[in-house]
Amino acid sequence: MICSDAMEGVCDVIAGYKARYEEMGTDRVMAIATSAVRDAFNGEAFVAELRERFDLDASMLTGEEEARLTYLGATAHRPESDPTLVFDIGGGSTELIVGTGSEVGFHTSLQAGTIRQSERHLTSDPPDPHELEDLAADIAKQIARAIAAQPEDRPARAIAVAGTPTSLAAIDQGLEPYDRDRVHGYRLGMRPVQRMLSRLSSLPLAERLRVPGLHRAAPRRSSPGP
């Protein structure tokens, strides 16, 4: 279920968008709902409410459509002939998409996102090592199960999109203020990611908020919004 607070939070944001795009004289506006709304029991009702309240052309993407559009967007300026993994870490889910050229060969959606996993496993501040171990084991199990049906072709490269990788790229460079041009296309190896994980997981929230490159997120709600 998408809780009423989360719905109202989204509507507040869309109301701000609506004022802006009407100012700009936009001819057509489309609202696209993805994983969290698609998985929710009341997702269709929420999309209908958006249509009625804001007179929006609102629709819900299927998992296949979302995977294809995410992959095409991430690889648009990086045409590759070798298999490429695109992954999108969200608040409620993580999408894994493998394709070659403009064709998607495999995709899956894990019910593992930053908010969802934090609420499932992390209760201490900073997190207890056992909590982090349980969280990592949970994700590893989900990934192993999800990729069991993946074709034999192993990806030659990976492209990460959305807030988690862009935050890591900003932290690794110590960006203050944030610079999208220095984040876009930034290469992150496993060693710096592990180093940042060790550092961030050892800090209480008040200190994490002061880490250069790590920007304060919107207030957390009782369940992930769309």
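I began with the term that the core search rests on: a nonpolar core is a set of buried Ala, Val, Leu, Ile, Met, Phe, Trp, Tyr and Cys residues joined through side-chain atoms within 4.5 Å, where buried means under 20% relative accessible area, exposed over 50% and partly exposed in between, with a 1.4 Å probe and protein chains only.

I noted that this is a predicted model, in which local features need pLDDT of at least 70 and side-chain atom pairs count only at pLDDT 80 or more, while totals for chains, interfaces and linings use all residues. Residues are numbered from 1 along each chain as its sequence is written, and side-chain values use heavy atoms, with hydrogens and water left out.

Confidence. I looked up pLDDT, the predictor's confidence in each residue from 0 to 100, and found a chain mean of 87, with 93% of the residues at 70 or more.

Core. I then asked which residues have the most contacts inside the largest nonpolar core. They are Ile2, Phe46, Leu50 and Leu56, in a core of 18 residues. At least two residues of this core come from each of α1 (4-23), β1 (30-33) and α3 (43-54), and α1 gives the most, with six.

Asp55. Asp55 counts as exposed, at 69% relative accessibility.

Other backbone entries. Most residues other than glycine have a negative phi, and most peptide bonds are trans. Ala162, in the loop between β6 (157-161) and α7, also has a positive phi, near 85 degrees, and is partly exposed at a relative accessible area of 32%. I found a cis peptide bond between Asp125 and Pro126, with omega about 5 degrees, Pro126 being in the loop between α5 (114-121) and α6 (129-146). Another cis peptide bond joins Glu176 and Pro177, with omega about 10 degrees, and Pro177 lies in the loop between α7 and α8 (180-183).

Ser35. Is Ser35 buried or exposed? Ser35, which lies in helix α2, is buried, with a relative accessible area of 5%. Not counting residues up to four places away in sequence, Ser35 touches Glu66, Ser93, Glu95 and Ser109.

Helix pair. I checked how α7 (residues 163-173) packs with α9 and noted an angle of about 85 degrees, with the axes 11 Å apart; axes are lines fitted to C-alpha atoms, for helices over the stretch in contact, and angles run from 0 to 180 degrees between N-to-C directions. The two helices are therefore roughly perpendicular to each other, a term that covers 65 to 115 degrees. Leu168, Ile171 and Asp172 in α7 meet Pro192, Arg195, Met196, Arg199 and Leu200 in α9.

Note on methods:
Helix = DSSP H or I, 4+ residues; strand = E, 2+ residues; numbered from the N terminus. Parallel < 35°, antiparallel > 145°, perpendicular 65-115°, else oblique. Contact = heavy atoms within 4.5 Å.
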